[in-house]
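Have the sequence and the 3D view open side by side while you read. Each paragraph takes one topic and names the residues to look for.

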Amino acid sequence: MASLQAHLAVWFTKWRVKRRLRGCRDYRAARAILRPLPYKIPPSVRITPANVSGIPGEWVESPNPADAVMLYLHGGGYFGCSPKTHRSITVWFALHGFRVFAPDYRLAPENPFPAAVDDAVAVYRGLLAGGHAPQGMVIAGDSAGGGLALSLMLALRAAGMTLPAAAALFSPWTDLAATGESIRTNAARCAMFNGEDIGPSARYYLGNADPRNPLASPLYADLKGLPPLLIHVGADECLRDDSTRVAEKAKAAGVPVELKIWPVVPHAWQLALQILPEARQSLRETAEFLTRHAAAANSTGVGLGEHA
């Protein structure tokens, strides 16, 4: 059963975001609309600006971090947001033992596809070069960042590189061709998006690229060989089917997948962890999943892709 806070969050998000995004075709206006509310950083958390392979970003760490390193890829439709807007999530993971690096990857339309993928690959290579073993690394991301996490792993696999121990995807945007049935059936229920706007907004990132290019839309990729995946999505989201269909494809390809569909909650509800018990629960389950798989990979000393 969904919390009262979740129902209130849906109402608030529809009022603050959805009604303003309807029909918006100005990416600068959409950037401002998508910007989350300010978040106060706990004094025990250290945020350090850094460059990894020339890509700017920030390390988010608690006083006593564990060995696991998380690469967190923020959402925002590939054209908005930043590591700063997603600090409520990265700080939470830092407080629960991860050393988190959040890259400020290049945004569209100034930097269209595949700029975000290229930046994510560069950061991953840089983390490896910095001495972080892949079996002790995990990847997480929300919305476009969740899709980017999949695209990153596909690019790493194609390059013959060792993949991380596991990945967590929050309402990932995996189909920029916007063919999911939930785009239509959840159009009224979705707290954040208007279904008819999803396809056009993808053009900010795609430019003239094919929306079914697997590195832009991982739903159309062969997912064989990816590490264990955790996917959390809201039942009422326009993007629900981007999660359910990619989970089905991954399972069919032999990838271990844990899919959880949450009632009522708005898109990227994990950002509202100070308000929503569902956000805190989702992040707790995610931390447990990623910690478990990183520990298992570390115990064997072998990362995915090393046997390829």
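The model is predicted. Residue numbers start from 1 along the chain as its sequence is written.

Begin with the largest pocket, which holds about 1000 Å³ of space. Its lining is made by 50 residues, and those closest to its centre are Arg16, Leu34, Pro36, Met192 and Leu271. Which of them gives the most? H1 does, with 8 residues in the lining.

Leucine 37 sits in the loop that runs between helix H2 (27-34) and strand E1 (46-52). An α-helix has 3.6 residues a turn, so residues three or four places apart point the same way.

Next, find helix H5, which covers residues 144-158. From its first C-alpha to its last, H5 reaches 21 Å over 15 residues, close to the 21 Å expected at 1.5 Å a residue. Is H5 mostly covered or mostly open? Of the 15 residues in H5, 13 are buried, and the helix is mostly covered. After H5 comes glycine 160, with a positive phi near 75°.

The salt bridges come next. In one, arginine 25 pairs with aspartate 197, and their closest N and O atoms are 3.2 Å apart. This pair links distant parts of the chain: arginine 25 is in the loop between H1 and H2, aspartate 197 is in helix H7, and 172 residues separate them. Are the two partners buried or exposed? Arginine 25 has 47% relative accessibility and therefore counts as partly exposed. Aspartate 197 has 10% relative accessibility and so counts as buried, since the limit for buried is under 20%.

Another salt bridge joins the side chains of arginine 87 and glutamate 58, at 2.9 Å from N to O. Arginine 87 belongs to helix H3 and glutamate 58 to strand E2 (residues 55-61), so this pair ties together parts 29 residues apart in sequence. Both partners fall below the limit for buried: arginine 87 has 18% relative accessibility, and glutamate 58 has 6%.

The side chains of arginine 292 and glutamate 258 also meet in a salt bridge, at 3.2 Å from N to O. Because arginine 292 is in helix H9 (residues 277-300) and glutamate 258 is in strand E8 (residues 257-262), the pair ties together parts that are 34 residues apart in sequence. Here arginine 292 is partly exposed, at 43% relative accessible area, and glutamate 258 is partly exposed too, at 38%. Elsewhere, salt bridges with shared partners join Arg46, Glu61 and Arg99 into one network.

The last topic is the backbone. Most residues other than glycine have a negative phi, and most peptide bonds are trans. Some places in this model depart from that pattern, and they can be found by residue number.

Where are the cis peptide bonds? One joins alanine 108 and proline 109, with omega about 0°. Another runs from phenylalanine 113 to proline 114, with omega near 10°. Proline 109 is in the loop between strand E4 (99-103) and helix H4 (115-129), and proline 114 is also in the loop between E4 and H4.

Two residues other than glycine have a positive phi. For serine 53, phi is near 55°. Serine 53 lies in the loop between E1 and E2 and is partly exposed, with a relative accessible area of 44%. To get a sense of scale, compare its position with that of glycine 195: serine 53 and glycine 195 are 142 residues apart in sequence and 37 Å apart in space, C-alpha to C-alpha. Valine 264 has a positive phi of about 75° and is found in the loop between E8 and H9. With 18% relative accessibility, valine 264 counts as buried.

Key. Predicted model: local features only at pLDDT ≥ 70, side-chain atom pairs only at ≥ 80, totals over all residues. Heavy atoms only, no water. Helix = DSSP H or I, 4+ residues; strand = E, 2+ residues; numbered from the N terminus. Expected span 1.5 Å × (residues − 1). Buried < 20%, exposed > 50% of the residue type's maximum accessible area, 1.4 Å probe, protein only. 1 Å grid on protein atoms, 1.4 Å probe; cavity = no way out; pocket = protein on both sides within 12 Å on 5 of 7 lines; lining within 4 Å. Points joined across faces, edges and corners; volume = space filled by probe spheres on them. Salt bridge = Lys/Arg side-chain N within 4 Å of Asp/Glu carboxyl O.
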